[in-house]
Amino acid sequence: MTEILDTDASRAVRNKNNVLDLYELMINTKRSEEGTAKHVTPSYIQHNPLIADGAVALGQFFGKITRDRAKARVVVHKVIAVGDWVWAHVNFLNLFNDDPADTGIAGVDIYKMDAEGKAVEH
């Protein structure tokens, strides 16, 4: 994974680490509700029309996927963090099928973080 950030900017480093931990908890270790409770604000604004606003809705969405799809996972290829913003180039694998040859869904997630390092908007 490629990381682009000022390692002396503690807020950017913290925000990057929180987003990476969110992916790990929410998808890779299949602990969606725990991950969103830890790293997402209750009033979280989600700009993906497939997912409702709020930390609970995000946790429920990925919770259902990870319960239904044992192979569901996310691979982060690049992450960029500056101040309150984190961009992640990701590949979501096996979210909607169990095909071992699934090439996944590529995406660029953009998060706005708050002063505590929690996602407030995506």
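**Pocket, helix and strands**

Analyst: In this predicted model, the largest pocket has a volume of about 270 Å³.

User: Which residues lie nearest the centre of the largest pocket?

Analyst: Those are N48, I51, F62, F92 and D109, out of 22 residues that line the largest pocket.

User: And which element gives the largest share of that lining?

Analyst: Strand 5 does, with 6 residues, while helix 1, helix 3 and strand 5 each supply at least two residues. By residue class, the lining divides into 17 nonpolar, 4 polar and 1 charged.

User: Switching to helix 2, which of its residues are buried?

Analyst: In helix 2, which covers residues 32-39, the buried residues are S32, G35, T36 and H39. Viewed down the axis of helix 2, these buried residues fall within an arc of 95°, so they line one face of the helix.

User: What do the buried residues of helix 2 pack against?

Analyst: They pack against helix 1 (10-28), strand 2 (40-45), helix 3 (55-68) and strand 6 (119-121).

User: OK, strands now. How many bridges pair strand 3 with strand 4?

Analyst: There are 9 bridges, and strand 3 and strand 4 (residues 85-93) pair in the antiparallel sense; K78, for instance, has H89 in strand 4 as its bridge partner. The two strands form a hairpin with 2 residues between them, and G83 in the turn has a positive phi of about 55°.

User: Does strand 1 run parallel or antiparallel to strand 3?

Analyst: Strand 1 (residues 2-4) and strand 3 (residues 73-82) run parallel and are joined by 3 bridges, with E3 standing opposite V79 in strand 3.

Technical notes:
Residues are numbered from 1 along each chain as its sequence is written. This is a predicted model: local features need pLDDT of at least 70, side-chain atom pairs count only at pLDDT 80 or more; totals for chains, interfaces and linings use all residues. Side-chain values use heavy atoms; hydrogens and water are left out. Buried means under 20% relative accessible area, exposed over 50%, partly exposed in between (1.4 Å probe, protein chains only). Helices (H or I, at least four residues) and strands (E, at least two) are DSSP runs, numbered from the N terminus. The arc is that of the directions from the helix axis to the C-beta atoms. Contact means heavy atoms within 4.5 Å. Two strands pair if DSSP finds at least two bridges between them. On a 1 Å grid over the protein atoms alone, a cavity is a set of points where a 1.4 Å probe fits but cannot get out, and a pocket is an open set with protein on both sides within 12 Å along at least five of seven lines; lining residues have an atom within 4 Å of a point. Grid points are joined across faces, edges and corners, and a volume is the space filled by probe spheres set on the points. Ala, Val, Leu, Ile, Met, Phe, Trp, Tyr, Cys and Pro count as nonpolar, Asp, Glu, Lys and Arg as charged, and the others, Gly among them, as polar.
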